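This briefing sets out selected features of the structure shown below. The points are grouped by topic.

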Amino acid sequence: MLEIKNVSGGYDEKLVVQNVSFQVKKGEMLGILGPNGSGKSTLLKLISGILPMKSGEVLIEDKTLQSFASKELAKKMAVLPQLHSQAFSHTVRDTVSLGRYPHQSGWFSSWSNEDEAAVQAAMKLTAIQRYEHQLLELLSGGEQQRVFVAQALAQQAPILLLDEPTNHLDIAHQKQLLDTIKTQTIENEITVISIFHDINLASLYCDRLLLMDQGQIKVIGEPQEVVKKSLVEAVYEARVSTTSHPERPKPQVTILPDVMERYKERIITAENFKVTEHYVLFQAEIQLKTWSSAVINAGSGWYKNFVNRRVDASYACDNVQEEMLVYLANYGFSEADTVGMMTAVRTTDAVIKEYKTPFGNIIIMVTAGVGNAVDVSRAYEVEMLPAIGTINTWVIVNGELSDEAFIQSVITATEAKTKALAFEQVKDPRTGTIATGTSTDSVLIAATQKGTHIPYAGPITEIGKKIGLGVYECTVEAIQVYKKAKGWES
Ligand SMILES: Nc1ncnc2c1ncn2[C@@H]1O[C@H](COP(=O)(O)OP(=O)(O)OP(=O)(O)O)[C@@H](O)[C@H]1O
């Protein structure tokens, strides 16, 4: 559809864009990324013909850019420039209507129903209808930006070139605008090339990304091939980390600041725990990085309160999360700062122990109710209802765990728990075989993310050894206390 072949160009003697080649398919959305001054806008100007190229060629449906008369080219290609030069004393409607000029023989004399429909549709898509009769200069920067996007859409060209379309827009309007443009690529097979400063938006919406570096293509490919820590750090010269998007397979990037707030170095100890008959509470002054399968704030995040709440064994509730949040709020724990889980075991029976490691202590907390113990290898044989009798395991680390170490901590803690159940001969009452856990066990791993970097936490590592020993010892003790309370053993 659109082919850029060995294009070079710039201003006067200065060659800004050098030997750039790529193709964009019909209906594809290509994002151009790159640091300030890397030549993104210049490249877009060369593609649109606003700036004559020094060498190379741009082909639209196999025809060179130069072979199009200017109106014919405008029917093929609409451009949203970075800086808008339009006279500002126009109304919104008039500004959008300018997008129709390639479709007309004489200025506004031949205004057709089709022109009107295109203008109305473009204003609707960009949600600017209510400003239709207002003067452009009286609108905010973001509103003006949407008017210029509407003008480009009204042109109804099959190729859209956009220079920072989300400039000045708040997140709702960024989403709305990019959803609109993306819909145009899917439903009307419009081809879009768009410059972005926001790598995350580009990754989320574009089919492919082109990363410019000093006037040349550093890399072009699908977002996961371009939004890589090494590439982004090298080209932008900034420390970043890449993460996954919660809903889409599109990598996201976040800046790692070099200037840190001045935290006091805090060592976590068993003193951070408080046990009452209502809950086991861990409280820290700083947020810990946490991975858990809790009721409230499961997954990964940064939290400073962990609550293991005692509920009655008959606890039943339609909306457990809502009820739990009300409970936490009553005790003054905010959702933003708190991980919350439940147990039917007496919280005063919680086993909390501190273990020394070469890099800093780890603290382990276990509450164990084994009335609903399950042999996971035989669980398929019987239908089970979720029950509250649960083993809750917390591992809190003074150190900096890698993602790998967080997951390995969960594995190590789970294996140690299972071993404790075997040692205590806890059986699945349905199958009579040794249980591996209960039907609703929960785990929480938290780390201060200060001090020693801990890359791994399997059983051959210093931390893994202590998690293995600690979870095993605490779980055995907690099961023994539970059995005693239930009168299972003398
Ligand atoms: N009209 C111009 N005349 C002369 N030099 C220019 C002109 N426009 C841009 N340049 C130069 O060309 C280089 C690339 O600019 P360009 O605007 O293409 O970069 P960009 O990647 O779009 O940057 P930004 O992210 O800041 O918008 C810069 O060094 C800039 O100074």
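In this predicted model, helix H11 has as its buried residues Ala405, Phe406, Gln408, Ser409, Val410, Thr412, Ala413, Ala416, Lys417, Ala420 and Leu421. An α-helix has 3.6 residues a turn, so residues three or four places apart point the same way.

**Helix H11**
- H11 covers residues 403-423, 21 residues in total, and spans 31 Å from its first C-alpha to its last.
- That span is close to the 30 Å expected at 1.5 Å a residue.
- Gln425, which follows H11, has a positive phi, near 55 degrees.

**Domains**
- The domain assignment of the protein places domain 1 at 2-236 and domain 2 at 270-486.
- A distance of 52 Å separates the C-alpha centres of domain 1 and domain 2.

**Ligand surroundings**
- Around the ligand stand Tyr11, Val16, Gly34, Asn36, Gly37, Ser38, Gly39, Lys40, Ser41 and Thr42.
- Seven residues of this shell are polar, two are nonpolar and one is charged.
- Helix H1 (residues 40-48) supplies three residues, the largest share of the shell.

**Sheet**
- Four strands form an open sheet in the order S2-S1-S4-S5, and their pairing is antiparallel.
- Strand S2 (14-24) and strand S5 (63-64) are at the edges with a single partner strand each, so one side of each has no neighbour in the sheet.
- Five bridges join strand S1 (residues 2-11) to strand S4 (residues 55-60) in the antiparallel sense.
- Ser8 lies opposite Ser55 in S4.

How values were computed: Residues are numbered from 1 along each chain as its sequence is written. This is a predicted model: local features need pLDDT of at least 70, side-chain atom pairs count only at pLDDT 80 or more; totals for chains, interfaces and linings use all residues. Helices (H or I, at least four residues) and strands (E, at least two) are DSSP runs, numbered from the N terminus. The expected span of a helix is 1.5 Å times one less than its number of residues. A residue is buried if 20 or more other C-beta atoms lie within 10 Å of its own, exposed if 12 or fewer, and partly exposed in between; C-beta atoms are placed from the backbone. Domain bounds come from an automatic or database domain assignment. A residue is near a molecule or strand if its C-beta atom, placed from the backbone, lies within 6 Å of it. Ala, Val, Leu, Ile, Met, Phe, Trp, Tyr, Cys and Pro count as nonpolar, Asp, Glu, Lys and Arg as charged, and the others, Gly among them, as polar. Two strands pair if DSSP finds at least two bridges between them.
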